[in-house]
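Please work through the exercises below with the sequence and the model at hand. Each task is followed by a solution in steps.

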Amino acid sequence: MLKYSFWIWIGITIGLSIALSLAFPLSKGMNASAAVFLPGKTSHGHHQIELKCSACHDAMMGVRENACLQCHQAALKASRDTHPKSKFDDPAMAKHLSKIDARSCLTCHKEHVPEQTHAMGVTMPADYCSFCHSDIGEHRISHKGFSFQSCSTSGCHNYHDNTSLYEKFLTDHADEPSVKENPRLPVRKSTVSAKSLILGQQDVPLNMVVEGSILEDWAQTAHAKAGVNCQACHTSKSKSQSLWSDQVGMESCQACHNKNVDGFLNGMHGMRLAVGLSAMTPAQSNLKMSPHSLHAELNCMACHDDHRFDTQFAAVEACLKCHDDTHSRAYVGSSHEQLWREELAGKAEAGSGVTCASCHMPREVDRKGNVAVVHNQNETLRPNEKMIRTVCINCHGLQFSLDSLADPQLVDLCYSQTPDIHVQSLTMAVERMNSRLKSRTNAKK
Ligand code: HEC
Ligand code: HEC
Ligand code: HEC
Ligand code: HEC
Ligand code: HEC
Ligand code: HEC
Ligand code: HEC
Ligand code: HEC
Ligand code: HEC
Ligand code: HEC
């Protein structure tokens, strides 16, 4: 079916592209000609790589489902996917699969069909949960009469990621106040190494003249303190002879910050570089961007833009150089921004401020207590309940976090007002837990 319609499509488009290239000889070129074969606009998540057909298609233009997994499996696994393919390999599931083949990603995520595509690249109508859960009202009295449209649109369930929505999590976090006592995020420790370097110890080639500000910025900040000298970034290691270069690419950073680079490449800032295309720029974006930065390239230096590698600048000012939509602008003046200003002024404890990065690049604590910054700003973006565990719940109760994230108005307001929505699932989970306890104690009597 796919291949058949593809060849018809090829027929039409080859004719069209010949006609076009005769009419506009200058419009030829690799990308322009690939674009002609696109049957429709590609979804928001993939628009940046849509001209790289081979990222998803094989030579016969079939879709390699393995490709989807290569890029997405790790994240789905990490979020303990509630409906993984393996669940449906069980023969007992055959009854469901005749209605909807949940083993294939393409059942729910088609491409190039904008008129059929909803948020998060979903190409199914929102009530499809009914195919498999039509009897839910019988098992759970609380669910009787609920519309199947509402399962995943009212802050209650997701299809894949329910890590902050399952019953035990809800009951464990019932009755928490809107704002917790001492609301704070984890703080990165500053590492001062024994090899710490100072001004004068820079390993600049003898004949080179360097601006004093570069030297001072380096000497006063993290790299010099950690013993990282100029040449660690400025010479390429592959050559036997080390040669100074003013250009420093992402590969240099990768030698020491592998995880940051990986994260960056897996999100919408780095995804073009990840498949070998040129860097993403605001000019190619679907979002509203500042006209002053249209051609700024997305690489490490997009946010870490001088020798200070200043993370405070990176957390807000850097973002606002590019992002200019209503949500981003509404951050300025919000109570979260106020908390950040107070932290910067030293009037509040470290970790009490909320920046763009606090929500979009959360701080992750490993088993040894080291704090690292997630560099994939899509990891917690959609569905937005992903932000609960890593971000909001450090400072807010679960009910307040769920309500805030379920309120679509608060997106534009950048969470600068209390929510108008009340998600019922906590109350329902607690009632169910209580009624179970009650019937258990009754049974004992
Ligand atoms: C991010 C992955 C991805 C990329 C990149 C991509 N496609 Fe697709 N494409 C898909 C998916 C998914 C389908 C739907 C397959 C299905 O419905 O079984 C599809 C379907 C198609 C179809 C068949 C449409 C039909 O009606 O049967 C054509 C033709 C096509 N793509 C062309 C292209 C071309 C040309 C490019 C590059 C310029 C491209 N695609 C890039 C994922 C992609
Ligand atoms: C039965 C339908 C269905 C199938 C099959 C399906 N998905 Fe999804 N997917 C959804 C829905 C619905 C969402 C919207 C968010 C949610 O409810 O979890 C989504 C969201 C996503 C997201 C973005 C949000 C997130 O949690 O990361 C990714 C990535 C994704 N799916 C990848 C895949 C891949 C890869 C496959 C195949 C292994 C797949 N999906 C199979 C329904 C499906
Ligand atoms: C080259 C890597 C790559 C391939 C191949 C790929 N994706 Fe994605 N996909 C991404 C990235 C990067 C994003 C954007 C970040 C995110 O939402 O995780 C994304 C986003 C998505 C989303 C969420 C869209 C949104 O708006 O939130 C879904 C759903 C999805 N992909 C499903 C698929 C499916 C199904 C396939 C196979 C046809 C596929 N992807 C192939 C990299 C890839
Ligand atoms: C293809 C069939 C199918 C579809 C479609 C489907 N589910 Fe499921 N779902 C299942 C199966 C099977 C289970 C496991 C049931 C069990 O373990 O008793 C399950 C389990 C669940 C659970 C319990 C998860 C847990 O492990 O605690 C929730 C919640 C859920 N589904 C919600 C949804 C929602 C919401 C949708 C629509 C967005 C949906 N499901 C669509 C088959 C499906
Ligand atoms: C952590 C990595 C790193 C360290 C350490 C580092 N630099 Fe750089 N340097 C860069 C990056 C990144 C650029 C920008 C490169 C580009 O735009 O291609 C740069 C650019 C430069 C330039 C080019 C002119 C300019 O202003 O952009 C000079 C000169 C320079 N660095 C000198 C130094 C000297 C001297 C030291 C030691 C005191 C040093 N650098 C330490 C990463 C580093
Ligand atoms: C030779 C190893 C090395 C290289 C190469 C390197 N770094 Fe670092 N970097 C470190 C160490 C060590 C620290 C201090 C410990 C930490 O914060 O992780 C650090 C700290 C940082 C910080 C935190 C600064 C702060 O104030 O806390 C940023 C941001 C950073 N590096 C970015 C980069 C970028 C971007 C590149 C590439 C242009 C790069 N680094 C290249 C070793 C390196
Ligand atoms: C979108 C902006 C942005 C980009 C692009 C970016 N960073 Fe960062 N980075 C930040 C912010 C913001 C922080 C500090 C966040 C905080 O303190 O909570 C940070 C912190 C860091 C740190 C110190 C924390 C840690 O995890 O060790 C390192 C190292 C780092 N970045 C390296 C990199 C490298 C390497 C790249 C390129 C792959 C890169 N960054 C690209 C915004 C960015
Ligand atoms: C050099 C410009 C630039 C800087 C600096 C920058 N961004 Fe972005 N950002 C982009 C572009 C371009 C995209 C891709 C949008 C698209 O694909 O349409 C993007 C995508 C995103 C997305 C994903 C949007 C989506 O719909 O999937 C988020 C979230 C985001 N940026 C947050 C931030 C944060 C937070 C910072 C600062 C820590 C930041 N950005 C810094 C240009 C920038
Ligand atoms: C309190 C947490 C929080 C803060 C602070 C915050 N955001 Fe967001 N942001 C979100 C959430 C949640 C979403 C997802 C909304 C949704 O689609 O449900 C979002 C969405 C976005 C998007 C995607 C918009 C789109 O249409 O695809 C961008 C880009 C973004 N934020 C950038 C920023 C920037 C830049 C800042 C700082 C100036 C910032 N955010 C501050 C929570 C936050
Ligand atoms: C570092 C702690 C911290 C984090 C993380 C945090 N908040 Fe907040 N937030 C606060 C504090 C404290 C207030 C109360 C400010 C006040 O009343 O002045 C607040 C206020 C709010 C408000 C009400 C704003 C107003 O002006 O009335 C909303 C909505 C909100 N937060 C949502 C969120 C969401 C959603 C997340 C997660 C994506 C989040 N917050 C993450 C500390 C935090």
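The model is predicted, so local features need pLDDT of at least 70 and side-chain atom pairs count only at pLDDT 80 or more, while totals for chains, interfaces and linings use all residues. Residues are numbered from 1 along each chain as its sequence is written, chains are lettered from A and ligands numbered from 1 in the order in which they are written, and side-chain values use heavy atoms, with hydrogens and water left out.

**Exercise 1. The iron atom of ligand 3**

Task: Determine which residues coordinate the iron atom of ligand 3, and state the geometry of the site.

Solution. 
Step 1. Donors are N, O and S atoms within 2.8 Å of the metal (3.2 Å for Na, K and Ca); water is not among the atoms, so sites may look incomplete. The NE2 atoms of His-46 and His-72 coordinate the iron atom of ligand 3 at 2.0 Å.
Step 2. Four donors count as tetrahedral if all angles lie between 85 and 135 degrees; four count as square planar and six as octahedral if opposite donors are over 155 degrees apart and all others between 65 and 115; anything else is irregular. The six donor atoms here show angles of 87 to 179°, and the site is octahedral.
Step 3. Helices (H or I, at least four residues) and strands (E, at least two) are DSSP runs, numbered from the N terminus. His-72 belongs to helix 3 (65-78), whereas His-46 is in the loop between helix 2 (30-36) and helix 3; the pair, 26 residues apart, links distant parts of the chain.
Step 4. Buried means under 20% relative accessible area, exposed over 50%, and partly exposed in between (1.4 Å probe, protein chains only). His-46 counts as partly exposed because its relative accessibility is 27%, and His-72 counts as partly exposed because its value is 41%.

**Exercise 2. Ligand 8: metal site and shell**

Task: Explain why the arrangement around the iron atom of ligand 8 has its geometry, then describe the shell around ligand 8 by class.

Solution. 
Step 1. His-269 and His-323 coordinate the iron atom of ligand 8 through NE2, at 2.0 Å.
Step 2. The arrangement is octahedral because the six donor atoms subtend angles of 87 to 179°.
Step 3. His-269 lies in the loop between helix 13 and helix 14 (271-274) and His-323 in the loop between helix 16 and helix 17 (326-331), so the pair ties together parts that are 54 residues apart in sequence. His-269 is partly exposed, with a relative accessible area of 22%, and His-323 counts as partly exposed at 22% relative accessibility.
Step 4. A residue is near a molecule or strand if one of its heavy atoms lies within 4 Å of it. There are 28 residues around ligand 8, and among the nearest are Cys-319, Cys-322 and Arg-382.
Step 5. A polar contact is a pair of N or O atoms within 3.5 Å; within protein, one must be able to donate a hydrogen and the other to accept it, and residues adjacent in sequence count only if both atoms are side-chain atoms. Oxygen atoms of ligand 8 lie 2.8 Å from a side-chain N or O atom of His-47, 3.0 Å from a polar side-chain atom of Asn-378 and 2.7 Å from a side-chain N or O atom of Arg-382.
Step 6. Helix 16 gives the most to this shell, with three residues.
Step 7. Ala, Val, Leu, Ile, Met, Phe, Trp, Tyr, Cys and Pro count as nonpolar, Asp, Glu, Lys and Arg as charged, and the others, Gly among them, as polar. By class, the shell has 16 nonpolar, eleven polar and one charged residues.

**Exercise 3. Helix 9**

Task: State which residues of helix 9 are buried.

Solution. 
Step 1. In helix 9 (residues 212-220), the buried residues are Leu-215, Asp-217, Trp-218 and Ala-219.
Step 2. With contact taken as heavy atoms within 4.5 Å, the cover over these buried residues includes helix 10 (222-225) and helix 11 (230-234).
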